[in-house]
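Subject: Structure handover

Hello,

Here is the structure for your files. My notes on it follow below.

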Amino acid sequence: MSPAADAATRVARRSTRFVAWVRAWRAGLVPFDELPDEIARDEEHLVADAPGTWTDVPLPQGLPVFAKVHPDDIRLVLPAPGDPRGLPGPGPLTGAAMLTGEAVMTPTFGFVPEVRRHVSGSGVEFETVQWRYFPVEEYKPVFQMGAAEAESELTLALSEATTQLTKLDVAQWKPELAGALQQLRRPESTATLPPGFDPRARRLFARASVLDQVLALAETNAPGGAVNGYEAQQRDAALRPLLTACRQALVAACNSPLHA
């Protein structure tokens, strides 16, 4: 795997793991004791504004709010500018989710993560993740694409984007992105789903997780002086359908039916 793709796997959208593991717990496929570590990994995660609390609480104390929610009612939502699908109407939750680009939804409440960066007294930088609880009224999830269709669309979008970026000489301004996109046709990934997800969902999640982070690198890293404004617009236009297909794939994989 290219260095870009390898580095990309280290920081995934946090809501994907949250939804997948909480759904597996509610389906009786994993014990509650495993959830905090699987969701947070090496980070510190807190929950804010959960019912019955008056301050931020550690993740294990916030997760019980899902104890009575059916696994099929726990949904991943990955909105983007101009695409708020899966979110309720205008309000604090939708505003926060649109800002972060992700949310965990249930029929009566939602969780939105916020990454906070801190500097210790000795100058060491570190992050904490705060999951903020938002109550909602009469939330009903919208129709979503199934894993099979999402996989097909992702494959097509990847092929088309690779072709377009090759014409734009992407290797000149970001060679690691060019290599990563080629290798992502059959990626090696450590991104996994918990028990209960079928092989197609697992394959789709692994592929989309790596691609999602490669695309994040492409968006945040400057392309360099070899690309002018017009070429940058062409690059963005080539990547936009792939970004959409990638988000759809992650949502389809994490929200797919569970099997005992």
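In this predicted model, Glu-43 and Arg-14 form a salt bridge through their side chains, with 2.6 Å from N to O. Glu-43 lies in the loop between α3 and β1 (44-48) and Arg-14 in helix α2, so the two come from distant parts of the chain, 29 residues apart. Arg-14 has a relative accessible area of 14%, which is under the 20% limit, and therefore counts as buried. Glu-43, at 29%, is partly exposed.

Glu-127 is partly exposed, with a relative accessibility of 33%. Arg-14, Glu-43 and Glu-127 belong, together with Arg-117, to a network of salt bridges. The general point behind such pairs is that side chains of opposite charge can pair when their charged atoms come close.

Is Arg-23 buried or exposed? Arg-23 is buried, at a relative accessible area of 0%, while Asp-72 is partly exposed at 42%. The count of salt bridges comes to twelve.

One further charged group in this part of the chain is the end of Arg-26, which sits over the ring of Trp-25, 5.5 Å from the ring centre.

On to the nonpolar side. The largest nonpolar core has 53 residues, and the members that touch the most others are Phe-18, Phe-66, Phe-111 and Leu-154. Two or more residues of this core come from each of α2 (14-26), α3 (35-40), β5 (109-119), β6 (125-135), α6 (147-167), α9 (199-220) and α10 (229-254). Helix α10 gives the largest share, ten residues. Why does this core lie between domain 1 (3-135) and domain 2 (147-255)? Both domains give residues to the core, so it lies between them. A second, separate core has ten residues, among them Leu-87, Met-105, Val-112 and Val-136.

What does Phe-111 touch, leaving aside its neighbours within four places in sequence? The contacts of Phe-111 are Phe-18, Val-47, Gly-62, Val-65, Phe-66, Ala-103, Val-104, Trp-131, Arg-132 and Tyr-133. Several aromatic residues group together here: one aromatic cluster is formed by Phe-18, Phe-66, Phe-109, Phe-111, Trp-131 and Tyr-133.

The aromatic pairs number nine. A pair of aromatic rings is described by the distance of the centres and the angle of the planes. For Phe-18 and Trp-131, the ring centres are 4.4 Å apart and the planes are at 45 degrees, so the pair counts as tilted. Phe-18 is in helix α2 and Trp-131 in strand β6, 113 residues apart, and the pair thus links distant parts of the chain. Phe-18 and Trp-131 are both buried.

Trp-21 is another residue in helix α2. With a relative accessibility of 7%, Trp-21 counts as buried, because the limit is 20%. Not counting residues up to four places away in sequence, Trp-21 touches Val-30, Glu-34, Leu-35, Glu-38, Ile-39, Pro-194 and Pro-195. Trp-21 and Pro-31 are ten residues apart along the chain, and their C-alpha atoms are separated by 9.8 Å.

Last, the figures for the protein chain. The secondary structure comes to ten helices and six strands. The chain has 260 residues, of which 47% count as buried. Of the contacts with a separation of 6 or more, 69% are between residues 24 or more positions apart.

Regards

How values were computed
Residues are numbered from 1 along each chain as its sequence is written. This is a predicted model: local features need pLDDT of at least 70, side-chain atom pairs count only at pLDDT 80 or more; totals for chains, interfaces and linings use all residues. Side-chain values use heavy atoms; hydrogens and water are left out. A nonpolar core is a set of buried Ala, Val, Leu, Ile, Met, Phe, Trp, Tyr and Cys residues joined through side-chain atoms within 4.5 Å. Buried means under 20% relative accessible area, exposed over 50%, partly exposed in between (1.4 Å probe, protein chains only). Helices (H or I, at least four residues) and strands (E, at least two) are DSSP runs, numbered from the N terminus. Domain bounds come from an automatic or database domain assignment. Contact means heavy atoms within 4.5 Å. Rings of Phe, Tyr and Trp (its six-membered ring) pair if their centres lie within 6.5 Å; planes under 30 degrees apart count as stacked, over 60 as edge-to-face and the rest as tilted. A charge sits over a ring if NZ of Lys or CZ of Arg is within 6 Å of the ring centre and within 35 degrees of the ring normal. A salt bridge is a side-chain nitrogen of Lys or Arg within 4 Å of a carboxyl oxygen of Asp or Glu.
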